[in-house]
Amino acid sequence: MMYLYDPTFDELSAWMDEHGQPAYRTAQIFRWLARGVASYDAMTDLSKDLRAKLSADFRLDGLVLERRLVSADDGTTKYVYRLHDGNVIESVLMKYHHGYSVCISSQAGCRMGCTFCASTGAGFGRDLTSGEMLAQVALIGADCGTRISNVVVMGIGEPFDNYANLVRFLRLANDERGLGIGMRHISVSTCGCVPQMIDFTEEGLPVTLSVSLHAPNDEIRRRLMPIARTYPIDRLLDACRRHVERTGRRISFEYSLFAGVNDRPEHARELARRLRGLQCHVNLIPANEFAGGQYKRPRAEDVRTFQEILVGEGINATVRRELGTDIEAACGQLRRRLEEAETD
Ligand code: SAH
């Protein structure tokens with residue numbers, strides 16, 4: 001059974017047609033979905049009969065709020081949702097001066113196996129559907145009562161390992177009849193699945209592409225990220241150059257700094273050489289530690305030196321502001337799984 005958040009406007013219109021319903025019903029439902037509706041009872045402007053027919057074909061309990069944790073430091077909120085089949089995912093609401101941003105998960109768990117990421121330890125459940133991605137944004141918008149202006153696909157999972165649903169989600173989220181989130185206000189982050197990056201470039205969607213680089217060379221990158229064994233850094237950067245050339249949009253690199261592993265001045269200089277001439281921005285992320293993790297946070301002065309070297313070499317680089325560390329909502333700290341959620 002599909003989640004009511006899954007069908008596109010055209011697909012739902014076709015369903016209405018088959019069930020002898022007027023076309024405007026689809027627009028009505030899309031407005032409800034944009035408001036984060038979670039039960040058929042709430043949709044009071046639809047007849048009981050139509051609601052019963054809909055509920056026979058589409059579930060509305062796809063995401064059930066399990067826990068909400070608010071950071072005492074900065075108001076960042078982590079949402080834990082249970083999916084209809086028992087899988088559990090996490091999403092994060094962040095407040096910036098320019099608006100509200102939601103970080104969504106694209107899979108329940110992850111298969112990529114990055115050695116520094118807590119999501120890896122949680123194993124892999126399954127891909128999320130486009131509707132399960134969309135509902136994270138809509139439900140959080142409803143919960144906080146504010147319009148969500150930005151979406152980042154940087155939570156649990158590798159979005160390009162769930163490519164078709166990701167692209168479907170981006171079109172759904174962008175649909176003016178629903179949430180209407182501007183493509184330019186959406187970022188997608190990948191660990192570097194090169195073939196899908198190339199497809200994504202051809203898709204021509206004006207979202208920001210972020211690439212988790214984390215190393216200036218293959219030797220270090222392979223220690224951190226198994227995907228680097230499949231796609232060497234040169235191939236990855238070729239795909240990045242191609243993306244910039246084809247879309248005219250600059251690419252964003254995430255570079256998490258792990259003390260003693262990839263945070264030395266020589267690493268910064270090697271990185272600068274590699275990125276020279278590529279229209280990009282580097283986001284430096286001091287490692288987020290978590291129980292059982294093997295990497296340590298770099299010293300603040302090492303982060304600053306790393307940034308200064310990049311900037312000195314003409315590479316745009318900023319240090320990402322950390323949000324929600326106290327509730328384990330920061331990069332790489334999301335890892336909820338069914339078993340864990342049940343025990344706390
Ligand atoms: N699979 C996607 C989406 C995850 S995004 C990707 O790899 O890009 C989350 C970002 O946080 C990625 O850049 C990821 O590499 C980074 N990250 C994961 N664990 C981290 C940790 N412990 N400290 C700092 N950054 C981490």
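This is a predicted model: local features need pLDDT of at least 70, side-chain atom pairs count only at pLDDT 80 or more; totals for chains, interfaces and linings use all residues.
Are Arg 126 and Glu 132 buried or exposed? Both residues are buried. The points below put that pair in its setting.

1. Elements and overall dimensions. The protein has 13 helices and 14 strands. Its C-alpha atoms fill a box of roughly 70 × 45 × 35 Å along the principal axes.

2. Of the 344 residues, 56% count as buried. Now take the contacts with a separation of 6 or more: residues 24 or more positions apart account for 66% of them.

3. Surface. The protein exposes about 14,500 Å². Carbon and sulfur atoms supply 47% of that area.

4. Charges. There are 43 positive and 46 negative charges. How far apart are their mean positions? They are 3 Å apart. A search of the whole structure finds 21 salt bridges. The next points take up some of them.

5. Glu 66 and Arg 82. The side chains of these two residues meet in a salt bridge, at 2.9 Å from N to O. Glu 66 lies in strand 3 (residues 63–70) and Arg 82 in strand 4 (residues 77–83), so the pair ties together parts that are 16 residues apart in sequence. Glu 66 is partly exposed.

6. Arg 126 and Glu 132. This is the pair from the opening question. Their side chains meet in a salt bridge, with N to O at 2.9 Å. Arg 126 is buried, and Glu 132 is buried as well.

7. Glu 254 and Arg 320. Here the side chains meet in a salt bridge at 3.6 Å, N to O. The pair links distant parts of the chain, 66 residues apart. Glu 254 sits in strand 12 (residues 251–257). Arg 320 sits in the loop between strand 14 (316–319) and helix 13 (338–343). Why does Glu 254 count as buried? Its relative accessibility is 5%, and buried means under 20%.

8. A network. Which residues do salt bridges with shared partners join into one network? They are Asp 263, Arg 264, Arg 299, Glu 301 and Asp 302.

Technical notes
Residues are numbered from 1 along each chain as its sequence is written. Side-chain values use heavy atoms; hydrogens and water are left out. Helices (H or I, at least four residues) and strands (E, at least two) are DSSP runs, numbered from the N terminus. Buried means under 20% relative accessible area, exposed over 50%, partly exposed in between (1.4 Å probe, protein chains only). Contact means heavy atoms within 4.5 Å. Accessible areas come from the Shrake-Rupley method with a 1.4 Å probe; for residues, only the protein chains shown count as cover. Lys and Arg count as positive and Asp and Glu as negative; His and the chain ends are not counted. The place of a charge is taken as NZ of Lys, CZ of Arg, CG of Asp or CD of Glu. A salt bridge is a side-chain nitrogen of Lys or Arg within 4 Å of a carboxyl oxygen of Asp or Glu.
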